[in-house]
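Subject: Structure for your review

Dear colleague,

Please find below the structure that I am handing over to you. My notes on what was found in it follow directly after.

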Amino acid sequence: MKIKTIEPIVLKIPFDAGASSQGFGDKPWTSYDMLVVRIETDNGLVGWGEAWGYGIIPATRTTIADIVSPHLIGREVAGFSAMLDEVRYKLHLFGRNGTVNYSLAGIEIALWDIWGKANNLSIHELLGGARRLAFEAYASLLPYRGPDIVAEISARAVDKGYAAVKLHEIEMAPIRAARAAIGPDVALTVDTNCPWTLQQAKAMARQMADCNIMWLEEPIWPPENFSALAELNRESGIAIAAGENVGSVREFSTMLSKDAVSYVQPSVTKIGGITEMQKVFVLADAHNVTVAPHSPYFGPGFAATLHLAATLPYAVQIERVYVDLEASPFAAMINLKDGRIAVPRGPGLGIEPDIAVLTRYRVA
Ligand SMILES: [Mg+2]
């Protein structure tokens, strides 16, 4: 069974975020951009993957099509981990964290999907079996900035059945407003996306002390300042979470050796796929650190995260970006049922896209 085609597919799906989000750039954020990877084999199997998306999609799409795929077309699917390691080595001089990684992730997830389909086993079965098949989810809110709207949307998420709320806010007023809105018992986390020096982060953590924050995510600039994260994790009284911007297993090893975090957040579409993510699980276990997967996806990357999370010895909460997509080619997988997100069943990822929806929202 050989790889016949590797096709990057770009989707742009409008969403309703409940109010105008400030986005992570300068413009309000109104649609979700997704980079799906479709691989077809010479015997007609099709696998689906997802590479890290958002604003980097044009570069990742080109990297998949023009730089990574030529190394893989015509190759055997069997033994794909070794094959992808070989490509990772060949392309290492183009960066160990970035579009090469994201491309390999999208392709690797699709190859796992194909390997599962070829063997009639789901990915969690291929990984050794699930310890659970459904998870609570936390609502990962967009940045809104205004305390009233952050409070309103936080409360709405809890009403809808989410077990916890994550804010993307960097000021105290919206954080306090959210805590007041959801009451004292619902877990609240704060993701700041790397804004502060160590001293600034310490001052902010002191202000958050009475908000019962379960974790403070990526408080330090730059994200690889592990010694600063470690000092904050040790001294601030708030557990630190980070990892979505870590590019390799080796870098995770450095981070964990420095006791930089209490929650480690590998991202399957960024770190290079399912096998690399599994290695981070092993490292985390050896360092007694809890895995909290980064999963702001709505496609095969989300499914891959669920299969991986199913193998952990403890129940994690799954990150679900809290927006309503106008439509989704993977709608069955991404929504809460009875307050839980279910791990897809069936061979491979256990999901098949609705091709009509995929076609309708395809932009490249
Ligand atoms: Mg984050």
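The C-alpha centres of domain 1 and domain 2 lie 21 Å apart. Domain 1 covers 3-120 and domain 2 covers 126-353, with bounds that come from an automatic or database domain assignment. Across the boundary, 40 residues of domain 1 are in contact with 47 residues of domain 2, where contact means heavy atoms within 4.5 Å.

Please note that this is a predicted model, in which local features need pLDDT of at least 70 and side-chain atom pairs count only at pLDDT 80 or more, while totals for chains, interfaces and linings use all residues. Residues are numbered from 1 along each chain as its sequence is written, and side-chain values use heavy atoms, with hydrogens and water left out.

The metal site

A magnesium ion is coordinated at 2.0 Å by Asp191 (OD), Glu217 (OE) and Glu244 (OE). Donors here are N, O and S atoms within 2.8 Å of the metal (3.2 Å for Na, K and Ca); water is not among the atoms, so sites may look incomplete. Along the sequence, the donor residues follow the spacing D-x25-E-x26-E. Distant parts of the chain are linked in this way: aspartate 191 belongs to strand β7 (residues 187-191), whereas glutamate 244, 53 residues apart from it, sits in the loop between β9 (240-242) and α9 (249-257). Helices (H or I, at least four residues) and strands (E, at least two) are DSSP runs, numbered from the N terminus. Aspartate 191 is buried, with a relative accessible area of 2%, and glutamate 244 is buried as well at 8%. The term buried means under 20% relative accessible area, exposed means over 50%, and partly exposed lies in between (1.4 Å probe, protein chains only).

Helix packing

Two packed helices are described by the angle between their axes and the distance between the axes. The axes are lines fitted to C-alpha atoms, for helices over the stretch in contact, and angles run from 0 to 180 degrees between N-to-C directions.

Helix α12 (residues 300-310) is largely enclosed by the rest of the structure, because 11 of its 11 residues are buried. Among them are Pro300, Phe302, Thr305 and His307. Helix α11 (residues 274-286) packs with α12 at an angle of about 35°, the axes being 11 Å apart. Ile274, Met277, Gln278 and Phe281 in α11 meet Ala304, Leu308 and Ala309 in α12. This contact of α11 with α12 has 6 nonpolar, 1 polar and no charged residues. For these classes, Ala, Val, Leu, Ile, Met, Phe, Trp, Tyr, Cys and Pro count as nonpolar, Asp, Glu, Lys and Arg as charged, and the others, Gly among them, as polar.

A second pair is formed by α5 and helix α6 (residues 172-182), which pack at an angle of about 35° with their axes 8 Å apart. On the α5 side, Pro147, Val150, Ala151, Ser154, Ala155 and Val158 meet Ala173, Pro174, Ala177, Ala178, Ala181 and Ile182 in α6. By class, the contact of α5 with α6 divides into 11 nonpolar, 1 polar and no charged residues.

Backbone features

Most residues other than glycine have a negative phi, and most peptide bonds are trans. Tyrosine 54 has a positive phi of about 55° although it is not a glycine. This tyrosine 54 is found in the loop between β3 (46-51) and α1 (57-68) and is buried, at 18% relative accessible area. Arginine 145, also not a glycine, has a positive phi of about 80°. The loop between β5 (137-140) and α5 (147-159) holds arginine 145, which counts as partly exposed at 34% relative accessibility. The peptide bond from tryptophan 221 to proline 222 is cis, with omega near -10°, and proline 222 is placed in the loop between β8 (213-217) and α8 (226-235).

Two further buried residues

Methionine 204 lies in helix α7 (residues 198-207) and counts as buried at 13% relative accessibility. Not counting residues up to four places away in sequence, methionine 204 touches Ile170, Glu171, Met172 and Trp196.

Tyrosine 322, in the loop between β12 (318-321) and β13 (324-325), is buried with a relative accessible area of 10%. The C-alpha atoms of tyrosine 322 and lysine 166 are separated by 9.4 Å, although these residues are 156 residues apart along the chain.
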